[in-house]
Amino acid sequence: MSQTKHIKINIQGMTCAACSASVERALRRADGVVQVSVNLATNSATVLCDPEVDENSLVEIVNKTGFVGSLADEDQISVAITHTISKKRLTIALICGAVVLYIGMSHMLPVRLPLPPIIDDRIHPLNFALIQLVFTIPVLIAGRNFFINGSKNLVKLHPNMDSLVMIGTTTAFLYSLYNTFRIVNGDPMGAHNLYYESAAVVVSLVLLGKFLEENSKNSAKQAINSLVSMIPNTAILLKDGQEMEVPAKQVRIKNVVIVKPGSHIPVDGVVLSGQASVDESMLTGESLPVFKEIGSTVSGGTICRDGMLQIEATGVGGNTAISKVLRLVTEAQERKAPAARLADKISGIFVPAVVSIAFITSILWAIAGRDIAFILNNFVAVLVVACPCALGLATPIAVIAGTGRGANLGILYRGGDVIETAAGVNTVVFDKTGTITYGKLKVSSITPSKGVSKEDLITCCACAEYGSEHPIATAVLAHAEELGLTVHRPESTQTVPGRGIIAENNNKQIVAGTMALMELQNISIPKDADTDVPEGCTAIYVALDSCYLGMIALSDTIRPDAKEAIAQLNKMGIETVMITGDNEGAAKLIAKEAGISSVKAQVLPQDKHRAVEEFKKSGRIVAMVGDGINDAPALAGANVGIALSSGTDVAAESSGIILMREDLHAVVDSLKLSRQTMKIIRENLFWAFIYNMIGIPIAAGLLVLFGGPVFSPVFGGAAMAFSSVSVVSNSLRLTRYQPNKK
């Protein structure tokens, strides 16, 4: 497969799903382009293409579709906060629009609204028309972008929401202008066919809707940009014993950085000296500060609450943990959920279809004998009410809010498609070591032979294991330290691969290992010795100068949060399975303690992947939770791979969800948040479709057929604005989402 490259393009001027659909179609037709994703919420396009494709040619394609494109900065990780509609413009439009609405509707209500005689339609019809024209013009100027963008897109055969507003309001304005000239020429009846209020109020309401929508979108993006603000711009370097404040970008690997109380840590690093409590909540979602001392790792962007630290930089610039988090979050918003692709397909044909409906409606009412004023009213109403903005924003805004909230909780989704898949998960497969358990052995029981104390047994075994990095040696030495025993370094050691160790100390031989090693060394075990290994444990037998001293049983340590997290998954109707390469006894003991009913033990890495595939073939939607290199095939093969932050880079790269918290509750939270995000998306799509399904027939005059009222374009503009705002506001509920751990 030939290599490809990613190009990100920022796009200005997109206002609805039809805009993003037209840009996507144009880019997809370019030679060498493999894949295109245009996101209305982030105002950007991500293009996967052949290496020889010229980036500027893609920008030119965007420009030709009627929008303004520019290449995004390669290191850009923030989500742009947009302010395209000023409060001043909006205020002018709303005030002038309200005046026109009052004057224009004054004679149409059951009780006439009071007007000064000089602009009363019965006394001075020309003044009545001119005053509306005077107040309508500032509104049209305030909303000029609708007319400029709408016309450009219409000419280029890429009609969008602006085109609908432009056609509708221009038609109403020009027809009103024609009737104003009728009044000038002596026909006062022209005053009854003025639609200035439709043009002015529709533009005002659309501006208001876009302003509120923009503010709501910015609120959704704020969760991500708050993470960007956590990265400090400067760092204090320690060089030749002197402190120097430099831009954070200038810090290099192995530089020593000073972090003072209350300041943000500028780089990832290892503590060389000092102690402090560090607030890691923006990275892991955990509110309690974490104690750091010599040898502890710290992450850039976290806050040193108290104490002073000297750290050696291990990750700088774009390689810090928080930069990687931000990159994953922004990339996630560019990957579309299947629901978004469906909305895009519909939006691509929506605007032309609406224009066709408006013309067909006008023709049918003309055939039915209705006057031009009635026909015009319905024509404008259909165009204005059928705004596809809500449809285009339904999914991407929810994905932005969901991924942003996830980042705050220490949950990283790789894309909207991952969120949609995770929401349907009904089986979670856990790796055991390092996932359900810490992967660290501890001494479970000590069984000395007759006449031997537990302390002597542990001291002898610890002496043999001294200096070894084997997990069993680490556990035995840690237990000896807990008991306050003095352990001497052996004079010599010999490792017997897979069986244990033989050491010499004070001219005495210590043998510590498996029963097979005891037999190999011809060490006899007394008949009355208790050699039964507790269920789920690993045993090490110890002898001194061929005399059996006893047995030490070790077991893995289950995470304290495992039982509660798995109980929550079961309550959600999700089947939990544990899969491990350990022996069946140890696996069943851990599974029973954690509350997992299904266990697959003694499974090789390639068989883990096979087991996941078997679940998928049986119709299950599988999430695999793991942390090691040996879990990578299964993580990649599952419908959704969930990697723990404590795991390997290979595991993380194979996963769709990365958990930054050392807490199995994060697995539950990631699936719950996915379900909540998809619930919001489904609600958004429902409202976006229902507005149009109900609004278009009513705007076309359906109620009139049954003796009902005519639907004014003013109400159409209000409904259109409300639809977009309601969809975005609904999505913002995700930014306040709180996981329930009970």
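I looked up Phe686 and noted it as partly exposed, because its relative accessibility is 46% (buried is under 20% relative accessible area, exposed over 50%, partly exposed in between, with a 1.4 Å probe and protein chains only). The model is a predicted one, in which local features need pLDDT of at least 70, side-chain atom pairs count only at pLDDT 80 or more, and totals for chains, interfaces and linings use all residues. Residues are numbered from 1 along each chain as its sequence is written, and side-chain values use heavy atoms, with hydrogens and water left out.

**Aromatic pairs**

I found five aromatic pairs in the structure (rings of Phe, Tyr and Trp, the last by its six-membered ring, pair if their centres lie within 6.5 Å; planes under 30 degrees apart are stacked, over 60 edge-to-face, the rest tilted).

**Helices α3 and α4**

I then took α3 (residues 87-105) and α4 (residues 125-142), whose axes come within 8 Å and cross at roughly 155° (axes are lines fitted to C-alpha atoms over the stretch in contact, and angles run from 0 to 180 degrees between N-to-C directions). That angle makes α3 roughly antiparallel to α4 (over 145 degrees). I noted the crossing as left-handed (the near helix is turned anticlockwise from the far one by less than a right angle).

I listed the residues in contact (heavy atoms within 4.5 Å): on α3 they include Ile92, Cys96 and Val100, and on α4 they include Phe128, Phe135 and Val139. By class, I recorded 12 nonpolar, four polar and one charged residues in this contact (Ala, Val, Leu, Ile, Met, Phe, Trp, Tyr, Cys and Pro are nonpolar; Asp, Glu, Lys and Arg are charged; the others, Gly among them, are polar).

**Gly315**

I located Gly315 in strand β13 (residues 309-315). Gly315 counts as buried because its relative accessibility is 3%. Leaving out residues up to four places away in sequence, I found that Gly315 touches Ile253, Val267, Asp268 and Thr320. I also checked Val298, which is 17 residues from Gly315 in sequence and 10.0 Å from Gly315 in space, C-alpha to C-alpha.

**Whole protein**

I noted 26 helices and 26 strands (DSSP runs, H or I of at least four residues for helices and E of at least two for strands, numbered from the N terminus). Of the 742 residues, 53% are buried. Among contacts between residues at least 6 apart in sequence, 69% join residues at least 24 apart.

Methods:
Angles under 35 degrees count as roughly parallel, over 145 as roughly antiparallel, 65 to 115 as roughly perpendicular and the rest as oblique.
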